[in-house]
Amino acid sequence: MPLFPRYQGPPLMPQICSVENLTLAWRRVRSNIHVARRGRSAGLDAVTLRDFEVDWTRQMAQLADELQQGTYRPLPAKRVAIPKASGGERAIAILAVRDRVAQRAVQQVLDPLFDPCFLDCSYGCRPYVGVPDAIARVQRYADQGLGWVVDADIATCFDSLDQRVLLSLVRQRIDELPVLKLIAQWLEAGVLQGEAALPGDTPPTPLQRGEAAVRRALSWGAERLHPPPPVGPYAAAMWETPGGSIGEDGWAPRQPGLESHLWTAVMLARPVIDGARQALPYLQRIGGRRLAVAGAVAVGALALSEAAARLRHASRRGVPQGGALSPLLANIYLHPFDVAMMGQGLRLVRFMDDFVVMCATQEEAECALQFAQRQLHILRLTLNAEKTHITAYADGIEFLGAALAPRARGLRLGEGVVDFAEAECALRDALRNARRRMKRKVEG
């Protein structure tokens with residue numbers, strides 16, 4: 001039985017490409033980046049937010065035209081590692097500015113369609129709810145006497161999402177081919193390893209970017225990935241692509257009679273041409289002073305590097321963590337897990353890949369953990385063993401950065417009263433005492 005009802009409303013692509021929606025998406029992308037960082041906010045195409053802002057109206061018109069005509073092609077995300085406040089590093093994906101705007105535009109249209117379908121146990125990256133609401137719900141469960149906690153974390157959640165399963169779930173709700181293709185393109189674009197620009201670092205020149213991209217492209221072997229088809233309870237979302245039909249395993253069929261290096265050359269040629277065509281508006285906008293030979297080399301090398309990255313990182317797994325659409329896709333993917341857990345009567349509170357299950361006894365908590373592991377296994381996910389454990393709530397837990405423990409249970413106001421007259425007297429006395437304390441505090 002489908003987990004999401006079919007959307008029966010007007011077409012979505014005109015809504016995504018509308019001037020109002022794209023303008024709102026651009027404003028949100030711009031507001032999410034501090035002014036001081038807008039000169040260092042480039043994706044793989046080296047176009048910063050400040051560069052894009054120079055003539056953003058023309059860039060937006062071109063983006064809308066590409067989305068409507070189906071000629072839009074995203075660049076791979078640039079993966080960088082940033083330090084976490086708690087220690088260690090977190091890998092995030094930095095998209096090109098135009099790809100960030102396009103993702104945000106799609107997210108703004110799809111979020112109102114999917115969010116009403118989610119259960120109230122899900123609190124991560126959803127409108128009108130957040131961390132305080134999730135923490136408050138855990139505390140309410142504890143006040144009800146549920147004193148055992150399954151505190152769990154899904155291992156490398158965003159990087160482990162099976163794209164076929166994800167697309168099949170998305171297709172349950174929407175069956176508009178251009179939108180599905182758009183999401184599939186972002187999933188298949190992949191990521192390219194990069195380096196984080198630390199404060200004070202001198203950004204690389206266009207020539208250095210070009211040289212690095214050429215080295216990456218030339219060092220990559222002429223080898224086409226052809227993974228086996230996945231198996232499982234979810235059917236893959238299949239459709240035709242502009243370049244031909246997809247095979248039964250979801251990949252383009254092998255071409256008989258072509259050697260491996262020739263096939264690689266064919267695969268590389270079209271992305272390079274597409275990349276050069278897409279780079280032309282940027283070259284025209286940057287102008288003569290900034291567009292030196294080094295810049296031209298960089299653009300061409302980046303196009304070639306993009307083609308290599310698409311094949312190298314085509315893994316059918318993972319959603320780039322950093323895109324505007326990624327949290328919604330993760331919630332869609334984990335919705336079957338929420339349905340299964342809540343269907344068993346378990347008190348689940350989930351915030352993206354972190355979740356707790358509140359239980360009455362230790363035995364119930366152990367059964368809940370085993371059930372959660374089985375449901376995640378169906379979705380081809382696993383738990384982080386180091387961050388998953390069963391504990392008593394009385395010993396305290398840490399959830400979403402908050403230290404939670406049983407609330408103090410002292411004497412309550414009017415405790416033990418049996419009628420309304422006594423309750424009124426108790427309230428009057430409490431108010432009188434509070435005023436006296438406030439007066440002494442002011443005079444002292």
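Two strands pair if DSSP finds at least two bridges between them. Strands (E, at least two residues) and helices (H or I, at least four) are DSSP runs, numbered from the N terminus. This is a predicted model: local features need pLDDT of at least 70, side-chain atom pairs count only at pLDDT 80 or more, and totals for chains, interfaces and linings use all residues. Residues are numbered from 1 along each chain as its sequence is written, and side-chain values use heavy atoms, without hydrogens or water.

**View 1. S5 and S6 form a hairpin.** The two strands are separated by 2 residues. Met 352 sits in the turn, with a positive phi of about 55°. S5 covers residues 347–351; S6 covers residues 354–359. Their pairing is antiparallel, over 5 bridges. Val 349 faces Val 356 of S6.

**View 2. Strand S5 is mostly covered.** Of its 5 residues, 4 are buried. Buried means under 20% relative accessible area (1.4 Å probe, protein chains only). Across the protein, 43% of the 444 residues are buried.

**View 3. The largest nonpolar core holds 93 residues.** Such a core is a set of buried Ala, Val, Leu, Ile, Met, Phe, Trp, Tyr and Cys residues joined through side-chain atoms within 4.5 Å. Leu 110, Ile 332 and Phe 355 have the most contacts inside it.

**View 4. Leu 110 and its contacts.** Contact means heavy atoms within 4.5 Å. Neighbours within four places in sequence are left aside. Leu 110 then touches Leu 12, Ile 174, Val 179, Ile 183 and Leu 328. Among the protein's contacts between residues at least 6 apart in sequence, 77% join residues at least 24 apart.

Methods: Buried means under 20% relative accessible area, exposed over 50%, partly exposed in between (1.4 Å probe, protein chains only).
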